[in-house]
Amino acid sequence: MNKMYKVLTTASILAMAAMPLAASAQNSVPVERNSTVQQQKAVPGTMGFITDFVNDHTGKWITVTGRGVAATDQSEMVLALTQNTKIIDSKGKTVPLKTIIDEKKVVKAFYAANQSDAARGTALTLVVQDHSFAAILGKVTEVRENGIVVKGADLYNMNMETIVLHFAPKAQLLDQDGKAIKAGDIQPGMTVKAFYGPAVAMSLPPQSTTNYVMVDTTNVQAEAPGTAGIITNVTDGKLTVIGKPLEKGGVNYVVLSVDEHTRIVSEDGKPLTKEALKTDVRVEAHYGEVLAAIYPAQTHADSIVVKTAETKKIEGTIVETDRAGEGQVYVNVGDDQSITNDVILNITKETTVIPVLGGDIQLKAGMKIVAYHSPIMTKSLPGITNAEIVIVTADGKSSK
């Protein structure tokens, strides 16, 4: 899937309403029968929200994003819906799929896994839950007496947030291998995936109770230097990362060599291969000493965390115009005659500007650039957005 958290369209919802899904209970549903319970334990499941729906020539598919019902189950599954898929509540009563989407219901999805692709399968039963939750992917910034402070991204909308999470009396605390750990094993800098709520105290920062936390106990990266940014180039086993240095040090522009000793993981700590390291992917890269005398700096990547947040990129030429005010540049995207695809970039103190070698860091008319920007853009013409990274690919002379 090209976009994990796709917004469900009205057309998709109408298509769901016409889906011929069967409605009776089946053997993976938790009901009061011993044989059923025994069968259910052997069936893998994922609990979460439906974050995508597809209805095309390939069939009907949903994506369920959340956490595994068992520690070894997948946290996200793409599931085919068939005539035999059952959609019910915990009492066995039929629930329309459209209702689940419209009312943002949590489901437990039990499925038959695809032998060739562990993240895909066929939905056997969707059991609608009578409770809801929120989830965060991020790092532990502070450990408290009965909880943790986490800074990261909301699992479902990728908005950045900080939240204080108090452990429920019977909270499940699991490491990256699904083994139970104690609260005392959690340290600042560790990556966590935590589910909380639905009640949230609107303090600063907000506070809630969590009963399920997955912790990568090996990933204490706050103590290591590194760069949080975007992969802008991948060539011959090396990748270029541009962004912001981490709190413990690092550079904003680095070329990293990646080999079998580089630990590559997702935000929830799952191992990944080199194939996950692609151009325009957001990462948090950690490394040791850098060869600062070389520009850009070069070193070996000790570990790389691959992010799920999308990137927005444009290419074009900065032109001089009164449409761009102070602290802004106007970009003729695609270097064409149309203004419908042009963009005005806000250049702030958070913007990383990479000039051509020996060039001027100040952005000027005539420069050809590649820019990564915020996904939030005004609906004006041209759209206005905040620049995250601006790479000058060629200096040019100012033109009136």
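Where does Val-390 lie? Select it: Val-390 is in strand β23, residues 383–394. Keep in mind that this is a predicted model.

**Stop 1: Val-390**

Show the surface around Val-390. Its relative accessibility is 0%, so it counts as buried. Now display its neighbours. Next, pick Ile-314. Val-390 and Ile-314 are 76 residues apart in sequence, yet their C-alpha atoms are 9.6 Å apart in space.

**Stop 2: the whole chain**

Zoom out and colour by secondary structure. The protein has 3 helices and 23 strands. Of its 400 residues, 46% count as buried. Consider the contacts between residues at least 6 apart in sequence: 59% of them join residues at least 24 apart. Switch to a surface view.

**Stop 3: the aromatic rings**

How many aromatic pairs does the structure hold? There are 5. Start with Phe-133 and Phe-195. They pair edge-to-face, with 5.3 Å between centres and 90° between planes. Phe-133 sits in the loop between β6 (117–128) and β7 (134–144), while Phe-195 belongs to strand β10 (residues 191–201), so this pair ties together parts 62 residues apart in sequence. Both Phe-133 and Phe-195 are buried.

Is Tyr-212 buried or exposed? The cut-off for buried is under 20% relative accessible area. Tyr-212 has 2% relative accessibility, so it counts as buried. Phe-195, at 4%, counts as buried too.

Now select Phe-49, Phe-133, Tyr-156, Phe-195 and Tyr-212 together. Ring pairs link these residues into a cluster.

**Stop 4: arginines over rings**

Keep Tyr-212 on screen and show Arg-67. Which part of Tyr-212 does Arg-67 lie over? Arg-67 lies over the face, 3.8 Å from the ring centre.

Finish at Trp-61. Show Arg-120 beside it. The charged end of Arg-120 sits over the Trp-61 ring, 5.4 Å from its centre.

Key. Residues numbered from 1 in each chain as written. Predicted model: local features only at pLDDT ≥ 70, side-chain atom pairs only at ≥ 80, totals over all residues. Heavy atoms only, no water. Phe/Tyr/Trp six-rings, centres within 6.5 Å; stacked < 30°, edge-to-face > 60°. Helix = DSSP H or I, 4+ residues; strand = E, 2+ residues; numbered from the N terminus. Buried < 20%, exposed > 50% of the residue type's maximum accessible area, 1.4 Å probe, protein only. Lys NZ or Arg CZ within 6 Å of the ring centre and 35° of its normal. Contact = heavy atoms within 4.5 Å.
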